Amino acid sequence: MLFSQIAIFTISCLVIIIASKWVISSLGSITRSLRWKEFVIAFFAASVGAVLPELFIGAKSAFSGVPELAFGNVIGQNLILFTFSAGICAFVLKEIPVYSRTVRSGAVFALISVSLPFLLLYDGEISRVDGLVLVSAFILYTRWLFKDEDRFIKNSGEGDLSKKENPCFLKNMLIITAGFAVVLFAAEGIISSAGEFARLIGVPIGVVGIFFIGAGVALPETFFAIRLALKGHSWMILGGIMGAVSISSTLVLGIVALIEPIVITDFDPYRTARFFLLISAVLFWFFIKTKNVFTRKEAVFLFTVYLSFIIFEFGV
């Protein structure tokens with residue numbers, strides 16, 4: 001029984017990775033044709049590939065009456081993105097330069113985003129009103145980012161990310177729609193297997209979200225970031241990571257709470273993950289702010305944070 005659930009979970013994660021790649025590629029093609037800057041392309045277009053599974057999984061879990069699964073999922077994914085994903089890209093590139101004010105503002109918003117759900121959870125619940133606050137935070141940042149054209153449109157002298165494209169809009173939209181449908185189908189497999197995991201091994205379903213689903217949905221963004229690192233697109237790496245973290249912590253959790261309030265009656269399973277997530281978010285922001293560059297040495301600190309989390313949680 002446990003083996004079959006592991007098989008369902010693994011296959012569903014692989015399907016999500018493939019479908020997310022379709023979505024990322026098509027969205028990237030459309031936004032490049034609009035001459036958006038690389039950071040903005042990654043923040044909104046590329047991160048959708050990572051956030052899309054979370055959104056569907058979160059919505060399905062809320063409709064299924066287990067919105068705390070979405071909460072654990074977001075914590076697990078964000079912790080991996082801030083530590084492992086960012087760190088491995090820094091090792092590939094040796095260092096990631098951060099000279100843009102837009103990129104640095106993205107780091108500030110990412111830090112605020114991961115902190116806000118915990119502040120709203122002080123009474124043990126992220127209510128529908130809290131959900132509205134989270135969605136509003138995302139809308140306000142988006143409005144700020146697109147208010148000044150210099151923040152998101154390339155100057156005529158700036159090089160393109162790739163060769164000039166004239167993408168077929170209809171074709172890309174069909175691919176995106178198909179990707180959404182496939183992710184929705186795979187999300188159903190992940191939700192059902194997560195429930196069985198929690199029952200068979202006797203742990204809270206939120207813990208399953210942190211360690212299993214969080215890792216599964218972080219894979220698309222991690223693979224995408226590594227591919228960008230190999231191609232040298234440093235701004236897009238940071239944009240994708242910050243976008244996935246920020247959108248999942250605000251828009252996704254906000255939508256889940258609007259559907260079904262997230263009630264946490266026992267916060268003990270989340271305390272360790274919350275502590276290490278906030279530590280990693282603060283370090284990520286600090287490293288970017290202080291030297292305007294993210295180095296291998298700083299990546300080691302973030303690797304250590306995630307390793308410490310695993311050791312502390314499992315006592316290995």
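Is K94 buried or exposed? Hold that thought for a second, everyone, while I cover the ground rules.

What you see is a predicted model, where local features need pLDDT of at least 70, side-chain atom pairs count only at pLDDT 80 or more, and totals for chains, interfaces and linings use all residues. Numbering starts from 1 along each chain as its sequence is written, and side-chain values use heavy atoms, leaving out hydrogens and water.

Okay, back to K94. K94 is exposed, with a relative accessible area of 57%. For these labels, buried means under 20% relative accessible area, exposed over 50%, and partly exposed in between, using a 1.4 Å probe and protein chains only. You'll find K94 in the loop between helix 3 and strand 1 (95-97). Helices here are DSSP runs of H or I with at least four residues, strands are runs of E with at least two, and both are numbered from the N terminus. Now, most residues other than glycine have a negative phi. K94 isn't a glycine, yet its phi is positive, about 75°.

Next, helix 3 itself, residues 68-93. Helix 3 packs with helix 4 (residues 101-120) at an angle of about 150°, the axes being 12 Å apart. Axes are lines fitted to C-alpha atoms, for helices over the stretch in contact, and angles run from 0 to 180 degrees between N-to-C directions. That makes helix 3 and helix 4 roughly antiparallel. With helix 10, helix 3 packs at about 40°, with axes 9 Å apart, so that pair is oblique. The cut-offs: under 35 degrees is roughly parallel, over 145 roughly antiparallel, 65 to 115 roughly perpendicular, and the rest oblique. The crossing of helix 3 and helix 4 is left-handed, and the crossing of helix 3 and helix 10 is left-handed too. Left-handed means the near helix is turned anticlockwise from the far one by less than a right angle; clockwise would be right-handed.

Staying with helix 10, residues 268-291: D268 and R271 both sit there, three residues apart, about one turn of the helix. How far apart are the closest N and O atoms of D268 and R271? They're 2.8 Å apart, and the two residues form a salt bridge. A salt bridge needs a side-chain nitrogen of Lys or Arg within 4 Å of a carboxyl oxygen of Asp or Glu. The structure holds one of these. R271 is partly exposed, at 41% relative accessible area.

One last stop: I201, in helix 7 (residues 169-201). I201 is partly exposed as well, at 42% relative accessibility.
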